[in-house]
Amino acid sequence: MARRVVVLGIESTAHTFGCGIVDSSGNILANVNNTYIPAKGGIHPRESAQHHSDVAPRVIRTALSEAKLSMDQVDAIAVSLGPGLGPCLRVGATICRALAVAYDKPLIPVNHAVAHIEIAKLTTGFKDPLIVFVSGGNTIIAAYSDGRYRVFGETLDIALGNLLDAFAREAHLPHPGGPRVEELAKKGERLLKLPYIVKGQDVSYSGLLTAAVKLLSEGHRIEDLCYSLQEYAFSMLAEVAERALAYTEKKELVLTGGVAANSELQRKLMMVAEEHNAKFGVVPKALSGDNGAMIAWTGVLAYVHGVTINVEKSYVKPRWRLDEVDIPWI
Ligand code: AMP
Ligand code: MG
């Protein structure tokens, strides 16, 4: 049997600074995350980056002590190089480069979207799923084919989490808006008419946001608005997910990313899976939002397949697409 490998991974692409430590059997030895909450408005990249540098030393120390490990017992450092917000990415990358140089450890580049997928596969045990990845910054339907995760649908403008958060802000609900919208939606009684925009395999959410905000200003019940917003946004996603499932003929469907915590979205996608005799799985709530463990685990997969990067070449990649990443471990 191959030697046990331990990887420390750092997440810092947007609002969360996280440090995870995972071994090659998939044991999560530590997963410590600290999330920046804006005083008002959306995420300000520079403020979030400042938050990350403030909390980083404590987060990393706590993770090492939770795992009962010293840096000498870590085999490699995994860094989430993108996609994400430049200033936030640079904090994580600078810390990882410093750790790699100071402790003489290999540095492993990790794509944040790949990490959301791999942690979902690890925790559900699914091997070859159709993936619905929905978070604050991403809305992607993907599946593995011929060396890479291929995109079978995505948003043409804003992400699903961003839609819910931006609407919630307009309604003066506290950040993050997704969970608040979900709660209020449960008390919705009337489906209000909103635009349903699906183009080919892609969805567009910005028109839906504008229309929902307009109805809000007209004084409709907030519960009905939240319910209607979810119905439209989730149905659009379920439609493209269903076509992707029919086309790829995958026998598993997995939901991952921060919005995966939403029970109504889970219900709709479970129905899609059942219709096509596919198994349905959801990433556990503790690992659905951005976290260090998913970076560390993807780092393990990459490292044991020889993927490392020179510190000198470890630039951040704010627009690093999922389908640009070679996946040698499948
Ligand atoms: P991430 O970017 O992966 O950390 O995910 C954060 C996003 O998940 C934010 O947009 C949240 O509003 C959203 N989110 C978290 N919980 C829920 C929920 N129960 N329903 C809908 N969205 C949620
Ligand atoms: Mg994310």
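Mentor: Helices here are DSSP runs of H or I with at least four residues, strands are DSSP runs of E with at least two, and both are numbered from the N terminus. The model is predicted, so local features need pLDDT of at least 70 and side-chain atom pairs count only at pLDDT 80 or more, while totals for chains, interfaces and linings use all residues. Residues are numbered from 1 along each chain as its sequence is written, chains are lettered from A and ligands numbered from 1 in the order in which they are written, and side-chain values use heavy atoms, with hydrogens and water left out.

The part I take is helix 6. After helix 6 comes G219, with a positive phi near 90 degrees.

Next, the covering helix 7. D224 is in helix 7 and counts as buried at 7% relative accessibility. Its side chain makes a polar contact of 2.9 Å with that of R221 (a pair of N or O atoms within 3.5 Å; within protein, one must be able to donate a hydrogen and the other to accept it, and residues adjacent in sequence count only if both atoms are side-chain atoms). Leaving aside residues up to four places away in sequence, D224 touches G188, E189, R190 and L192. In the loop between helix 7 and strand 11 (252-256) is E249, whose phi is positive, near 55 degrees, although the residue is not glycine. E249 is exposed, at 60% relative accessible area.

T155 sits in the loop between strand 8 (148-154) and helix 4, and is buried at 15% relative accessible area. A polar atom of the T155 side chain lies 2.7 Å from the backbone oxygen of I158. T155 also touches T139, V203 and Y205, again not counting residues up to four places away in sequence. P176 is in the loop between helix 4 and helix 5 (177-185), and the H175 to P176 peptide bond is cis, with omega near -5 degrees.

Last, the ligands. Among the 18 residues around ligand 1, those that come nearest are H15, D165, G178, E182 and D290 (a residue is near if one of its heavy atoms lies within 4 Å). D290 also coordinates the magnesium ion (ligand 2), together with H112 (NE2) and H116 (NE2), at 2.0 to 2.3 Å. H116 lies in helix 3 (residues 112-124) and D290 in the loop between strand 12 (279-282) and helix 9 (292-304), so this pair ties together parts 174 residues apart in sequence. Donors are N, O and S atoms within 2.8 Å of the metal (3.2 Å for Na, K and Ca), and sites may look incomplete because water is not among the atoms.

Technical notes: Buried means under 20% relative accessible area, exposed over 50%, partly exposed in between (1.4 Å probe, protein chains only). Contact means heavy atoms within 4.5 Å.
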